[in-house]
Amino acid sequence: MYGLVLEGGGARGSYHIGVYKALMEEGIKIKGVVGTSIGALNGAMIVQGDYDKCYELWNQITYSMVVDVDDEEIEKIIQLKLAKDDLRFIKEKIKEFIGHKGFDITPLKRLLDEYIDEEKIRKSGMDFGMVTINLSEFKPLYMFVEDIPKGELTQYLLASAYLPFFKAEKLGGKRYLDGGFYDNLPYRMLLNKGYKDIILIRTHAKGITRRLYLPDTNAVLISPSGDLGRSIEYDRNRARANIKMGYYDGLRALRGLKGQRYYIVPKENKDYYFEFLLKIKDEDIRRLQKILKLPQIPYKRSLFEDIIPKICSLLSIDKDYDYEDILIYLLEKKAEKCKIDRFKIYTFEELLSKVADKKITNNKEEVNPLNKLMEKVDILPIFNREETILEVADIIFGNDNCN
C-alpha cells in the first residue's frame, strides 16, 4: 500500500488527476493521501472515492467556479481583446477588488460544500492530511482528518488553499494562509506515519518545498514533462491538457518508459542501440565529422571515440550516458520538430518510422551565411546548437541507416 503526496499549485492541480488515473490503471493501491492547497482538495476527493467526479470537475473548470468573476471578461483580458467598455469594466473591478480587499471566493466555498463528503472521508479507512498556516497564532498546522473537529473539514480544506489575494475573512474565528507558503509538498507527514512506499506528484508551483530526503523508502517522484500553465489559469482546455500529460507522465514512471518528452518502451536487448550505431554508413560518418568539425580519422573509430562524445556534449548528457540515452534523445528532438504526437506510447521502431522519411534541416550555408566563415574555425557556433543537433538526427535517422 502506497502513500500519496500531492503538491500544491492552484490550477496546476489538474495534473494530479491525470497521474492518479495512471495509478488506478496500473493497480497501485493507495492507503493514505496528504497534500497542500489544491493537493489537499484533490486528495479529499480521492480519499472519499469520488475520483470520477473530480475528473469531471476539472474537465469543466472555469474561473467563475473558483472566484466571483465573469468568465467572458477574464477571457478577453487573457486574449487582450478589450474594447473601451471592457476597460471601464476592468477599472470598476479593480476598485471593487481594492474595496473588498481581495477576490470573493463564494463560488469556491459552494464547490467544496457540493463536492466534499466529510463522512465518506472519515469512514474511508485511509489516512488523509493537509497543511495550512494559522495566521492568527503565527504557526503552521499539519493536520490529519482525526485532528479536525467533526463538521469542520471543508473549513480546513479552504484554509489550506487560502491565498493572499482572496477576500480577507476569518474561518472559525481565525485567519489562515495557503499551506504552500510553509510546506508545499508535505511528504514528511507520511514518513511520520511510518510509510515506506510513497508516490510524490509535483507541480513545480511557487511555494516552499522542503528538500527531499527519503531514506530507506521506496519513493516514486512524478514531475510534469511540460508546462502546466499558471497557477491561476482555471481554464478547461488547459486542465484537460494537464490531465493528459499527468496520465502519460504517470505511466512513464510506473512502467519505466524511456524518453523525456515522448514515452518509449524500453528494449530488453540492450545491444540493440549499439548495433544500430554500427549500421551507420561510412559516408554518413564522414558527414557527421564535417558537421561536428572533427578530424577525419577511420570511420568506426571516429564514431565511438569522437562523434558520440561530441553529440553528448551538444545534448548536455553526462558521462554516465549509454547509447540508448543518446539515440532516444536525438529521436525525440527530431520527432518534436516533426510535430509527432507525443501523447502515445511508442516502441523505438514505431517512433522512428514516424520520422525516418522526414528531413527537417536545410543546407546550413543557405540558411545562415555565417556558416561559411565558421567552416574555417574548429568550433561549433553556440547559436547553432539546436540546428546542429537536428542535422545530426537527420543523418542518423535517415532512411539509409534505418533499413
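This note goes through a predicted model point by point, from the whole chain to single residues.

1. Basis of the note. In this predicted model, local features need pLDDT of at least 70 and side-chain atom pairs count only at pLDDT 80 or more, while totals for chains, interfaces and linings use all residues. Residues are numbered from 1 along each chain as its sequence is written, and side-chain values use heavy atoms, with hydrogens and water left out.

2. The chain as a whole. The secondary structure comes to 19 helices and nine strands, where helices (H or I, at least four residues) and strands (E, at least two) are DSSP runs numbered from the N terminus. Of the 403 residues in the chain, 49% are buried; buried stands for under 20% relative accessible area, exposed for over 50%, and partly exposed for what lies in between, with a 1.4 Å probe and protein chains only. Among contacts between residues at least 6 apart in sequence, 69% join residues at least 24 apart, a contact being heavy atoms within 4.5 Å.

3. Strand β2 and its partners. Strand β2, residues 30–36, is mostly covered, with six of its seven residues buried. Strand β1 (residues 2–6) pairs with β2 in the parallel sense over five bridges, and L4 stands opposite V33 in β2; two strands pair if DSSP finds at least two bridges between them. Strand β3 (residues 127–134) also pairs with β2 in the parallel sense, over five bridges, and here V34 stands opposite G129 in β3.

4. The β-α-β unit. Together with helix α1 (residues 14–25), the strands β1 and β2 make a right-handed β-α-β unit. Right-handed here says that, with the strands pointing away from the viewer, the path from the first strand over the helix to the second runs clockwise.

5. Helix α1 against helix α3. The axes of α1 and α3 (residues 51–59) come within 10 Å and cross at roughly 140°; axes are lines fitted to C-alpha atoms, for helices over the stretch in contact, and angles run from 0 to 180 degrees between N-to-C directions. The contact is made by S14, I17, Y20, K21 and M24 of α1 and by Y51, C54, Y55 and W58 of α3. These residues divide into seven nonpolar, one polar and one charged, with Ala, Val, Leu, Ile, Met, Phe, Trp, Tyr, Cys and Pro counted as nonpolar, Asp, Glu, Lys and Arg as charged, and the others, Gly among them, as polar.

6. Residue D50. D50 lies in the loop between α2 (38–47) and α3, and D50 counts as buried because its relative accessible area is 10%. Leaving aside neighbours within four places in sequence, D50 is in contact with M45 and K120.

7. Helix α11 against helix α13. The axes of α11 (residues 271–278) and α13 (residues 299–315) come within 10 Å and cross at roughly 115°. F274, L277 and L278 of α11 meet K300, L303, F304 and I308 of α13 in this contact, and the residues divide into six nonpolar, no polar and one charged.

8. Two residues with positive phi. Most residues other than glycine have a negative phi. D216, although not a glycine, has a positive phi of about 55°; D216 is found in the loop between β6 (197–201) and β7 (218–222) and is exposed, with a relative accessible area of 70%. S316 has a phi near 60°, again a positive value in a residue other than glycine; S316 is found in the loop between α13 and α14 (323–337), and S316 counts as exposed at 60% relative accessibility.
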